[in-house]
Amino acid sequence: MKILFVKSSHIRIAGMALALDRMGHEIIEYPESGEEIRADEEAEKRFGGFLSSRENEDLDFIISYVFSSAVARQAHKRGIKYAVYGMDSPMYFTYEPVYPRLPECYLFYFDYTEYTRVKQMGYTNAYYLPLASDIIWTENLVVTDEEIAKHQCGISFIGGLYTDNLYDRVLHHFSQEMQDTFSDILESCAFCWDGTDRMAPLLTPRLIEDMKRSCPVIFENTYGLSEDYYVKQQFFNRKLTNIERTLLLELLAEQFALRLYTGEKEKAPKNVARYPEADYLSDAFKIFFSGKINLNITLRSIESGIPLRVFDIMSVGGFVLSNYQKEMTQLFEEDKEIVLFRTPEELLDKAAYYLAHDNERLRIGLNGYRKVKEHYSYGCQMQKLIGIITEGT
């Protein structure tokens, strides 16, 4: 098959295109990103001209990590199928009112809760497809003894703390009474990972209207999402993630050696050793391989799905200690392939246990690697995706 790959300017992952190439498909990489095509009228014209110049080449479909309405428009004009295998949840731009619903668009969501939502909204070409890792690439990854020594640590976390968030930027627009209400909402939802959505019932129509009167700028672009859902995801959940990641890292650092790899400029939480952001195409996987415990604290906007970090840790045999997400126990066997916590106390207990039990920790890491290799490589997922696009299966 002949496939046009449209890269992303902010998702630096090559696994999907590499897997398709290894499967024997001809991959054509478009030089501009989907974000550029979406944001610039001239870039869209260039993309349309590129498609027109190849109309006689039997292009089978276009694929990208990020949805672009401009790509969808140009694909629709020519009857070319357009697949999006999203790395983010929510996939905000797929809630636009027109272009995601075009018959040429095939949208693959890794969060089953989000997938269910868009199906209920009438999206006929929406599918559930968990994320993956590039097993072939990681199996050929060379990690020297010096690199293992450099990255070896008890607990590590690669990711942002979301210290730059909408909540903190606009909080001063609200009355003290409303700020207190916000604090109550965050407090009632924080540090509980049992699959229950505690926040949605608290975002009443009256609260949303009060927020709109106090700070209308928040609602200038909701991407087509309902206002309560947008507020939940963009306003509250990013702040909630900031609170949880910061305080959990501080709690762990009181007892254990912990490294935080982040690109944020802010000072690290108390007692946490801050390291520069790990390059995701090289150093990150060496860190996953070298450390004892790889921590995952899921961004709260991911409602039930499994973030990419988990699959990538497992792809090198790393041990994953993660907050509970519903799909983690559906895709992996708890305490045999992945270890989960549902409260801060459970996190501390399990961190102490597995730091003291090397053989169990290594065995779980190996089991996780085997599961990802067999079921969640990019090769596996691309085969499923192509089957859906070409055969409807």
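A salt bridge here is a side-chain nitrogen of Lys or Arg within 4 Å of a carboxyl oxygen of Asp or Glu. Welcome to a predicted model, in which local features need pLDDT of at least 70, side-chain atom pairs count only at pLDDT 80 or more, and totals for chains, interfaces and linings use all residues. Residues are numbered from 1 along each chain as its sequence is written, and side-chain values use heavy atoms, with hydrogens and water left out.

View 1. Glu346 and Lys350 meet through their side chains, 3.0 Å from N to O. Glu346 is partly exposed at 22% relative accessibility, whereas Lys350 is buried at 15% (buried is under 20% relative accessible area, exposed over 50%, partly exposed in between; 1.4 Å probe, protein chains only).

**View 2. The salt bridge of Lys232 and Glu303.** Their closest N and O atoms are 3.1 Å apart. Lys232 lies in helix H11 and Glu303 in the loop between strand S10 (293-296) and H13, so the pair ties together parts 71 residues apart in sequence. Lys232 is buried, with a relative accessible area of 7%.

**View 3. The salt bridge of Glu337 and Lys371.** Here the N to O distance is 3.0 Å. Glu337 is in the loop between helix H14 (328-331) and strand S12 (339-341), and Lys371 is in helix H16 (residues 358-375). Both residues are buried.

Technical notes: Helix = DSSP H or I, 4+ residues; strand = E, 2+ residues; numbered from the N terminus.
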